[in-house]
Amino acid sequence: MFFFSYFKTLRIAVITDIDGSFTINVKPDDVLEISFVGYETQTVMVGERKVLAVQLKSKTDELEEVTIVAFGKQKKESVISSITTVASKDLKVPSSNLTTAFAGRVAGLISYQTSGEPGQDNAQFFIRGITTFGADAKKDPLILIDGVELTTDDLARLNTDDIASFSIMKDATATALYGARGANGVILVTTKEGREGKAQVNLRVENSFSSPTQMVQLADPVTYMKMHNEAILTRDPNGVKMYSTEKINMTERGEYPDIFPATDWYQSMFNKYSINQRANLSVSGGGKVARYYVAANIAQDNGNLIVDKRNDFNSNIDLTKYAVRSNVNVNVTSTTELIIRLSSTFDEYRGPIDGGSDMYRKVMQANPVYFKPSYEPDEQYDYVSHVLFGNYSGAAYINPYAQALRGYRDYSKNMTLTQFELKQNLDMLAKGLSFRAMFNMNRFSEFTVNRQYSPFYYNIDSYDLNQNTYTLRCLNPESGNIFLDYNPGQRNINTVFYMESTLEYNTEFKEKHHLNGLLVYIMRQEKTGVADNLQLSLPNRNLGLSGRLAYNYDSRYFAEFNFGYNGSERFAKKHRWGFFPSVGGAWMLSGESFFEPLKEIVPVFKLKATYGMVGNDAIGSNNDRFYYLSQIDMKASRNAGWGPLLNYNPSGIAVSRYANDRIGWETAYKTNIGVEISVTGGFSANIDVFRERRENILLTRIIPQTMGIIPEIKANLGIGSGKGVDMELNYEKNFSTDFFMTGRGTFTYATSEVIEWEEPDYAGTPWMSKVGYNINQQKGYIAERLFVDEFEVAHSPTQFGRVMGGDIKYRDINDDGAISALDQVPVGFPTVPEINYGFGLTVGYKGIDLSFFFQGSARQSFWLTTSGNGRIQPFLDGSYSGSGDDGLVGQNAVLQAIADDYWTESNRNSYAFWPRLATYEITNNNQRSTWFMQDATFLRLKSAEIGYSIPPRLIQKLFMSNLRVYVSGTNLLCWSAFKLWDPEMAGNGLGYPLQRVINIGLNVGF
């Protein structure tokens, strides 16, 4: 080792030899300062010693001793706020989307994922649930990465290898400094910085195999035809069957699959699994003057669509994500540090024009017996080079295979972040005083391009069963083509400038008194390059001043005051500025003398409580940025005719928003009471009980149409509340140098309630009021059972439309003899889960490590869709929201669950899963009710991993510091009462399924 040693007075330096030995001429009153890169510097008095042995200590990771808080750091023992910190290793899952790792791992976070489609698989997450019900209000948390506000997509792209700390801030003292933006909580992520020492290289590569956790089970084509005929006759005995007995029998025999097709559209469209890759490379190190951390990673996620080689292009999903990061810290002087952070992310996507989820939905709508996905050419079409897609009746039906292959969509996204930060120690002015300034510029850009052709569709014109041959007929010779058309899509350019400066003072006096003061000034501007109107083209600007004053006495008694003073351009001058204060206190009981007898068992026991107010100015859409200004179209089209011939039609004036200077901040009053405990044996716990009151929620007013006011009028009228508990339990124990065990469990319960909501007077029908119920509570009818027969229908309260035996019977709540909107009551749990929990364990013995983690969700209801977009009712067109009504005929498949249990004339089961069949929409059965309400409760084995680290003695010759191979998996098993699809997808079950991933990885360090 090479040590620098020198006289502190004369600054004379010497260097040790490789064994650390050195000689130097000194006097007894001289002082030696001994330092080495990566170790703590030690100062030693010489005295009368002639031989001196000094053992240096490695520099500890600063993050192990402190907690990241708003605009700074605090010692863990002095933190009063409710902050959950998660180690980056606990967020490592075999996915290129970080948000998929949140559920159950982060106490206080309600999270769930409804789609597994690459690029569309972000999980939804809310800190301590949702307590606002403004239609366009921001409900998700503020996301800060290295202090800069970014989007959910930016968080999703973040690589866990680059994360130094991940925290969520939940209560008022944690978020008050963010003032106008902190009401929904804050997710704060910091990225790694270089540390003193030799260069460290880390490489991680992974290869994953992903497949759906659960596929929707459909009835076979023969059952489909029989049930379709039955659906016609059960509603109209004189109806004409859709499928002949011959077709059913010949299809069932399966001898002529081209002429009597029985298509399994899932098998025709999708591979059983897809292969994805990820790689990350990082280099870090540095000396006393400069330290660096640079990293690059790439992830490729593929879809599972089958690609026809006859196409000249690949329309399967291919999403490649690139990211580069460079964090450099430079000590300009002994008191000045300069930090430069550069990062960029690039997304390159190619996939089907309508997206992967729409392909799954279209499979549900495709008729399985009218045509094949594609035909082999007959003699007359043997010359064609294009795919001969199947169709029926003038090419009017949905062929999902053709829809997937007819073209592709490209999009490119890029986000570049440039950050410059300066830290200045001001001890020369006052010991403990420091200044920090940070400047940041983001630029986001994206563009989309569609390239497509119009498929030629064919069907069998004639056939010969004896020869098993057929001739084809082109159904659309005029409208089809094989040439790609080009359609440019959306183009977005967005830039953000952010400036932050802080002045902080830390001092200690009389040994037991500790004081921290902080002032923060922020300024932010966001500009959109491609805007739809003048208002949206104007820059978004925010200013704010925040502060914190924290005091602790003898590390036993803690007090803290925070405030945020923020301005918002959305509101008139009298409401433009908001003041958001908070206070908190804590008591370290384990530091008291009377606690000494218990300290051997309970080393840490701390009680804490906070209360404060936080704001939210994102209470509406960006089109309503300036509530205090009218929105008027001076060139609105009008149909009125003027002049002698009534052919003069001048433009008119249309008001889309009236000026309202009384709209102001949405404010949240947050209370938190918590306890932190650690006990002998490696156990620790953080438990928080919280309550929140949200006021001034923006609502649309109820105004009679007779007043002649056409635009919606909005006002701060709503009041909501939230409450719950979140806890984190940890276990960490080293049984020997070779054997360790760590465990983690979290539990979050967050519920809400509407306190005030402008609505009609429901004194006579109190169950219709929203007040007193959960914000996400749904209303519907109580379904008692299915009608036995028409006689019961005639002697029951009037239902909806024409009702027959086997249709749903609803309860007459108000006992007026008719089922109407007055009979809707709150039903089920909220549509956002109120409970998330998780627990897991990691065990290591010598070089082998094994871990698993379970995740659960509860108190969430959803409904099977029976009308409109995404309906599951058999034989109907299930138009979907992805591309709307595409003008093609859809005939929904039959879910196996329906085929197994539906009401029939021969089996009048009043509690069958599905009512009487129909080939048209039955209004009565499509009402939101308890009949199709489902419980989304589930427990899943979220992840498991086994790894082996090669002993250092075996890899040192390869100049490696570590070599680990591992196999991991996510979404491995799931237990739920709901069986139709993965319950976490809730009502999105016909979309792109969640993925089960088996992953093989290699981690190498140099």
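## Salt bridges, a sheet and a pocket

Guide: In this predicted model, R341 and E193 form a salt bridge, with their closest N and O atoms 3.0 Å apart.

Visitor: What makes R341 and E193 a salt bridge?

Guide: The cut-off is 4 Å between a side-chain nitrogen of Lys or Arg and a carboxyl oxygen of Asp or Glu. The N and O atoms of R341 and E193 are 3.0 Å apart, so the pair qualifies.

Visitor: How do you know that the pair links distant parts of the chain?

Guide: R341 sits in strand β18, whereas E193 lies in the loop between β13 and β14, and 148 residues separate them.

Visitor: Why is R341 called buried, and E193 partly exposed?

Guide: Buried means under 20% relative accessible area; R341 has 8%, so it is buried. E193 has 33%, which falls between 20% and 50%, so E193 counts as partly exposed.

Visitor: What makes β19 and β24 edge strands?

Guide: The open sheet runs β19-β20-β23-β24. β19 and β24 each have a single partner strand, so one side of each is left without a neighbour in the sheet.

Visitor: How do you know that β23 and β24 pair?

Guide: Pairing needs at least two bridges; these strands have 6, in the antiparallel sense, so they pair. There, N459 stands opposite R473 in β24.

Visitor: Which classes of residue line the second largest pocket?

Guide: Its lining has 19 charged, 14 polar and 14 nonpolar residues.

How values were computed. Residues are numbered from 1 along each chain as its sequence is written. This is a predicted model: local features need pLDDT of at least 70, side-chain atom pairs count only at pLDDT 80 or more; totals for chains, interfaces and linings use all residues. Side-chain values use heavy atoms; hydrogens and water are left out. Helices (H or I, at least four residues) and strands (E, at least two) are DSSP runs, numbered from the N terminus. Ala, Val, Leu, Ile, Met, Phe, Trp, Tyr, Cys and Pro count as nonpolar, Asp, Glu, Lys and Arg as charged, and the others, Gly among them, as polar. Buried means under 20% relative accessible area, exposed over 50%, partly exposed in between (1.4 Å probe, protein chains only).
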